Amino acid sequence: MKKDEFFQILRKKLAIIEENELNDILSEYEQHIAMKMENGKITEEEAIKDFGNIEELVAEILESYHVKVNYNAQLKEEKQAQFKESAKELGENTKHFCGKVVQKTKEVLKNGWNSAKVCFEKIWNQIKKVVKVEREEQMLLLGTDKRLPENIQMMQEKQRRGSRWFQKLTSWVWKVIRGCFRLGMWAIKIAWNLFIAGIVFLVGIFTCIMLYIFGASLVFLVMDYPLWGVLLVSLGTVIFSAAVAIALTFFIKRRKGKKAIFSDKTKTIIKIGIVSFAGIGILLTGIGTGIGVMEFSTFVYGGEQPIFEEEKTTSKVIAEIPLENTGKIELEEVYNGHEFVKAEVTFDASVPMGQVWYEIERNQNEIEYFAVVENYYEHDYDQPEEEQQYKGEIYHVRLGQNYGDSNLKLMMQLKDKFMKDLKERKLYSYYSDDIKSIKVLANPQMKQYFEGIK
């Protein structure tokens with residue numbers, strides 16, 4: 001376990017302790033790790049391993065601060081109980097609110113219905129009154145030859161005007177209601193047609209994609225690739241999705257009274273054809289799936305295989321390190337495209353002071369290697385913080401890689417190997433094994449700067 005991960009776990013598990021005390025604990029363990037590494041000449045992971053099981057270590061620290069070890073578990077249970085109580089309360093409040101909304105809606109609908117009922121009753125009574133007056137006038141005119149008194153004529157004229165006004169008003173109201181209803185139905189029809197058109201569009205795109213896969217698999221099949229299963233699955237999917245797209249067009253709403261494009265007999269024939277094609281598509285998809293599984297079962301896994309061929313060359317990378325304030329030089333492992341390799345240092349008097357040479361034996365020349373030198377300051381952690389002394393700079397040296405324009409070559413080589421192995425029904429785990437061996441050279445007088453080398 002690395003130091004950063006160790007301290008991260010400690011900080012998380014000791015979060016109950018105050019921040020100042022927690023920082024003191026972490027600082028103390030950091031000093032212990034530094035002391036063990038310096039005195040015992042051990043690695044960071046070994047120093048952390050000496051502390052034992054981290055759970056037991058956390059339990060001891062919490063016990064020394066009189067904190068229960070299962071505090072976090074209890075706290076989690078309390079939070080879960082609190083969450084359940086809040087959820088229950090929220091559910092009851094929601095239920096109560098929904099009940100009020102339903103009750104209020106019922107009251108509004110009931111009041112609206114009663115008001116509409118009273119309004120229609122008044123209108124009906126008015127109509128009956130007008131009809132009754134007209135009947136009385138007719139009977140009066142039929143039963144006498146004398147002219148009606150002038151006041152009766154005026155009253156009848158007023159009643160006629162009121163009857164005409166009422167008829168115009170009811171006619172206008174009915175036209176408005178009918179227009180709103182037609183507008184709503186038109187909006188619903190448009191929305192439904194747009195929904196169906198969107199589904200047909202998506203199905204059409206999917207059909208085009210599967211048609212492309214069918215064409216590609218057909219070409220590869222002609223080139224002796226084992227893709228019969230993919231071919232049949234893509235063909236069956238194309239037929240089925242095309243049948244579904246055609247069937248969806250029958251759900252589009254058309255204007256009433258408009259002449260139908262097809263007769264009823266033609267529509268029946270088309271529907272039978274759609275169902276038949278859908279069944280054929282499902283059948284081909286099922287057969288293709290079975291053949292594809294059978295083809296895949298014949299493939300053989302061949303393990304790991306390098307991409308690059310053997311083209312051994314040697315190159316040299318130089319890392320410049322200033323030695324004025326250097327306290328230590330640390331070499332990081334080198335990634336060769338497949339795994340990390342530890343670079344061993346060899347001392348050679350021909351190497352100038354302040355330089356570290358990487359001599360790399362490689363398989364190809366497309367990857368550019370360069371030296372990366374990073375430094376930080378080292379202090380004497382054995383002393384208290386106010387008495388710590390500066391001991392110099394620690395330099396980390398690693399080998400960087402720049403693929404540059406080799407990505408295309410790498411991709412094409414990987415493509416060629418994969419296609420060739422696919423035709424032979426073989427599968428491998430491919431990797432780019434560039435570095436065959438690596439040697440690090442330094443001046444013998446710089447031996448004192450390399451940690452762990454005597």
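W165 is located in helix α6 (residues 150-222) and is exposed, at 56% relative accessibility. In relative accessible area, exposed denotes over 50%, buried under 20%, and partly exposed the range in between (1.4 Å probe, protein chains only).

The model is a predicted one, in which local features need pLDDT of at least 70 and side-chain atom pairs count only at pLDDT 80 or more, while totals for chains, interfaces and linings use all residues. Residues are numbered from 1 along each chain as its sequence is written, and side-chain values use heavy atoms, with hydrogens and water left out.

The chain contains nine helices and eleven strands; these are DSSP runs numbered from the N terminus, helices (H or I) having at least four residues and strands (E) at least two. Of its 454 residues, 24% are buried. The accessible surface of the chain amounts to about 32800 Å², and carbon and sulfur atoms contribute 60% of this. Among contacts (heavy atoms within 4.5 Å) with a separation of 6 or more, 77% are between residues 24 or more positions apart.

Helix α8 (residues 264-297) comprises 34 residues, and 50 Å separates its first C-alpha from its last, close to the 50 Å expected at 1.5 Å a residue. The expected span is 1.5 Å times one less than the number of residues in the helix. I274, A278, G281, G288 and E295 are the buried residues of α8, and they pack against α7 (228-248). For α7, with 21 residues, the end C-alpha atoms are 30 Å apart, in agreement with the 30 Å that the helix should span at 1.5 Å a residue. The buried residues of α7 include G229, L231, L232, S234 and G236. Also buried in α7 are, among others, T237, V238, I239 and L248.

The largest nonpolar core has 23 residues, of which V356, Y358, I360 and L399 touch the most other members. A nonpolar core is a set of buried Ala, Val, Leu, Ile, Met, Phe, Trp, Tyr and Cys residues joined through side-chain atoms within 4.5 Å. Strands β2 (313-320), β7 (355-362), β9 and β11 (435-442) each supply at least two residues of this core, with the largest share, four residues, coming from β11. Apart from this core lies another, of 18 residues, among them F6, L10, A47 and F51. In soluble globular proteins, nonpolar side chains tend to be buried together.

V356 is in contact with V317, I318, A319, I321, V440, L441, M446 and F450, leaving aside neighbours within four places in sequence. A319, in strand β2, is buried, with a relative accessible area of 1%. The C-alpha atoms of A319 and V356 are separated by 5.1 Å, although the two residues are 37 residues apart along the chain. Besides V356, the residues that A319 touches include G354, Q355, A371, V373 and V397, when residues up to four places away in sequence are not counted.

K312 occupies the loop between β1 (300-306) and β2 and is exposed, with a relative accessible area of 53%. With residues up to four places away in sequence not counted, K312 touches E361, R362 and N363. The C-alpha atoms of K312 and D434 are 9.3 Å from each other, the residues being 122 residues apart along the chain.

Two salt bridges are present in the structure, a salt bridge being a side-chain nitrogen of Lys or Arg within 4 Å of a carboxyl oxygen of Asp or Glu. One joins the side chains of E374 and R398 (3.6 Å, N to O). Because E374 lies in strand β8 (residues 368-379) and R398 in strand β9 (residues 390-402), this pair ties together parts that are 24 residues apart in sequence. E374 is partly exposed at 39% relative accessibility, and R398 is partly exposed at 30%. K415 and D416 form a salt bridge in which the closest N and O atoms are 2.7 Å apart. K415 is partly exposed, at 38% relative accessibility, as is D416, with a relative accessible area of 44%.

Note on methods. Areas by Shrake-Rupley, 256 points an atom, 1.4 Å probe, with all protein chains shown as cover.
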